[in-house]
Amino acid sequence: MQELVNTWAVSVTIAVIFGAVVSMLLPESGIKKYVSVLIGIVVSIIILSPIISLLSGADVQSELNDALKNAGASEPSVPESGSYKDYIYKIYEVYMGDD
């Protein structure tokens, strides 16, 4: 749990510092306002991410680790025929599951 909080705090700190540096480097123009809003949204999402994952009931870290293990274990299948329709359906089934 402490590692999760430390990772979250580092992410927030890096996002805020990055946002401040980008904001200082931009010239005073109309685009600076839009970039500031975008940086604020990104920082807000990073700050709220643990709350969102708790409310959704998902263990994001374990799901990400499982996905990375599964992705490394299998090799992508390349279609042999000229038609990619079956290949696209196969990819869709892998990512969407049988829900």
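Which residues form a nonpolar patch on the surface? I looked, and the answer is Val5, Trp8, Ile47, Leu48, Ile51, Ile52 and Leu55, with about 660 Å² of accessible area together. The elements that give two or more residues to this patch are α1 and α2. The largest share, five residues, comes from α2. I had to check what counts as a patch: its residues have over 30% relative accessible area and no salt bridge, with like charges joined within 9 Å and nonpolar side chains (Val, Leu, Ile, Met, Phe, Trp, Tyr) within 5 Å.

**Ground rules.** I'm working with a predicted model, where local features need pLDDT of at least 70 and side-chain atom pairs count only at pLDDT 80 or more, while totals for chains, interfaces and linings use all residues. Residues are numbered from 1 along each chain as its sequence is written, and side-chain values use heavy atoms, with hydrogens and water left out.

**Overall layout.** I noted four helices and zero strands in the protein chain. From the N terminus on, the order is α-α-α-α. Here helices (H or I, at least four residues) and strands (E, at least two) are DSSP runs, numbered from the N terminus.

**Surface.** The accessible surface of the protein chain comes to about 8,700 Å², and 66% of that belongs to carbon and sulfur atoms. These areas come from the Shrake-Rupley method with a 1.4 Å probe; for residues, only the protein chains shown count as cover. Next I looked up how much is buried: 6% of the 99 residues in the protein chain. Buried means under 20% relative accessible area, exposed over 50%, and partly exposed in between (1.4 Å probe, protein chains only).

**Helix α1.** This one covers residues 2–25, so I get 24 residues, and its first and last C-alpha atoms are 35 Å apart, close to the 34 Å expected at 1.5 Å a residue (the expected span is 1.5 Å times one less than the number of residues). Val12, Ala15 and Gly19 are buried in α1.

**Ser23 and Lys32.** Ser23 also lies in α1 and is partly exposed, at 23% relative accessibility. What does Ser23 touch, not counting residues up to four places away in sequence? I got Lys32 and Ser36, where contact means heavy atoms within 4.5 Å. Lys32 is found in helix α2 (residues 30–56). With the neighbours up to four places away left out, Lys32 touches Ser23, Leu26 and Pro27.

**The salt bridge.** How many salt bridges does the structure hold? I counted one. A salt bridge is a side-chain nitrogen of Lys or Arg within 4 Å of a carboxyl oxygen of Asp or Glu. Glu28 forms it with Lys32, and the closest N and O atoms are 2.9 Å apart.
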